[in-house]
Amino acid sequence: MRVAMIGTGYVGLVSGACFADFGHVVTCIDKDAGKINALNNGEIPIYEPGLQQLVAKNVAEERLYFTTDAKDAIRTADAVFIAVGTPTRRGDGHADLSYVYAAAEEIAELIEGFTVVVTKSTVPVGTGDEVEAIIRKTNPDANFAVVSNPEFLREGAAISDFKRPDRVVVGTDNEEAVKVMRELYRPLYLNETPIVVTRRRTSELIKYAANAFLAVKITFINEIADLCENVGANVQEVSRAIGLDNRIGGKFLHAGPGYGGSCFPKDTLALSRTGHDAGAELKIVNAVIEVNDARKKKMADKVIDFLGGDVSGKSIALLGLAFKPNTDDMRDAPSIDIVAKLQEAGATVRAFDPASMKEAGHVMKDVVFCDGPYHAIENADALVIVTEWDQFRALDLDRVKATMKSPNIIDLRNIYDTEDMRDRGFNYISVGRAY
Ligand code: UGA
């Protein structure tokens with residue numbers, strides 16, 4: 001099959017490289033000439049384990065191409081994917097669909113023969129109808145079907161999520177389009193990955209419902225963690241025990257500083273707006289948004305309170321800045337709120353993150369970015385573990401203690417054992433663990 005992928009952001013690049021690896025011929029298109037030049041030189045603009053090698057392999061085997069010129073790729077494509085950004089629209093929380101609609105117009109003028117136009121971007125219910133109307137209006141003779149095919153990739157695990165997904169969702173009632181989609185995902189189909197074929201609007205909603213449900217799960221356990229702290233219980237044991245109930249499941253029950261990233265914050269907000277506009281208020285989702293926003297700020301108070309209520313003139317080291325490990329993505333990362341509030345309270349912040357310090361430099365000011373964890377904690381009055389990178393899980397704790405000015409550790413990801421840390425002489429607190 002021939003695939004054109006519009007947008008070489010996170011989703012477009014990973015999906016394009018994986019489809020090429022399935023054996024299809026994929027052309028990734030982006031208006032940003034600098035990005036395309038870089039990709040053609042083998043430079044990958046995002047941090048994603050395994051992506052560089054996957055791109056290089058498929059470029060070398062002549063199945064993956066990058067271009068700014070959409071014409072040929074779209075004209076010859078069996079399927080054109082729209083994988084452009086749908087950021088939060090300024091001011092009102094709705095998804096900004098201008099990039100999706102611009103892509104639809106571009107596609108309309110170029111398609112030839114039966115073409116499946118696939119929205120992979122996360123788009124609110126009804127966007128597929130609008131994309132169809134735009135193409136129909138721009139090119140009344142076009143022979144096409146618009147399909148919704150949401151992606152469920154996690155940053156940092158995107159390639160394995162694409163190649164071994166729990167399910168693939170295809171939203172269309174056009175039989176011919178379903179055939180094309182099945183052919184595109186054939187390697188997964190052979191592995192018996194469930195392919196859920198449904199109507200387009202339902203498919204669009206599935207994506208938001210999935211992300212919102214995961215956000216609910218995280219926020220629920222975060223509130224239970226706060227309760228655990230107040231009543232002498234341990235949230236990790238609560239998570240494990242409730243997770244063993246198959247109806248609940250153990251995943252996404254890690255208490256922490258609140259969810260961040262490019263998806264949950266944006267998608268919960270957009271879903272909330274859709275609910276409001278459609279006359280079906282989503283009160284649970286609304287509460288989750290509010291609780292999570294407040295939580296990120298509350299984490300700095302936790303640090304300040306632990307240090308006796310006054311951090312002015314103190315040096316605080318942060319380990320981990322990205323919203324989660326194995327990514328350099330800083331979007332809506334809890335570290336942003338934590339740093340701002342600590343600085344406001346007069347603390348000096350030193351920080352180390354294995355991948356995100358360049359990105360962090362764009363969203364936080366006056367932070368001393370360090371060469372490694374031990375450099376960050378030099379003479380620190382406290383260490384805050386914000387992101388659970390593997391390399392922070394096995395620090396040389398004797399060295400940590402000897403390097404810090406005072407052995408105060410606030411572990412926002414529960415990666416160390418409370419009793420062990422106290423035995424080693426640390427003043428140690430974590431999230432939701434009274435013991
Ligand atoms: C999320 C979904 O997991 C993907 O399925 C989806 O495709 C993607 O959004 C998207 O819509 O594009 P991602 O944002 O990459 O993926 O990251 P997650 O691994 O889901 O983590 C999101 C946030 O939740 C992180 O800040 C993480 O630290 C936090 N989290 C996650 C917790 O605090 N506790 C948990 O138990 C799990």
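Author: Helices (H or I, at least four residues) and strands (E, at least two) are DSSP runs, numbered from the N terminus. The model is predicted, so local features need pLDDT of at least 70 and side-chain atom pairs count only at 80 or more, while totals for chains, interfaces and linings use all residues. Residues are numbered from 1 along each chain as its sequence is written, and side-chain values use heavy atoms, without hydrogens and water.

Reader: Is Ala 255 buried or exposed?

Author: Ala 255 belongs to the loop between α11 and α12, where it touches Ile 221, Asn 222, Ala 225, Val 235, Leu 412, Asn 414 and Val 431, leaving aside residues up to four places away in sequence. A contact here means heavy atoms within 4.5 Å. With a relative accessibility of 9%, Ala 255 counts as buried (under 20%; exposed is over 50%, partly exposed in between, with a 1.4 Å probe and protein chains only).

Reader: What is the relative accessible area of Phe 252?

Author: Phe 252 also lies in a loop, the one between α11 (235-243) and α12 (264-277). Beyond residues up to four places away in sequence, Phe 252 touches Leu 214, Lys 217, Ile 218 and Phe 264. Phe 252 is partly exposed, and its relative accessible area is 28%.
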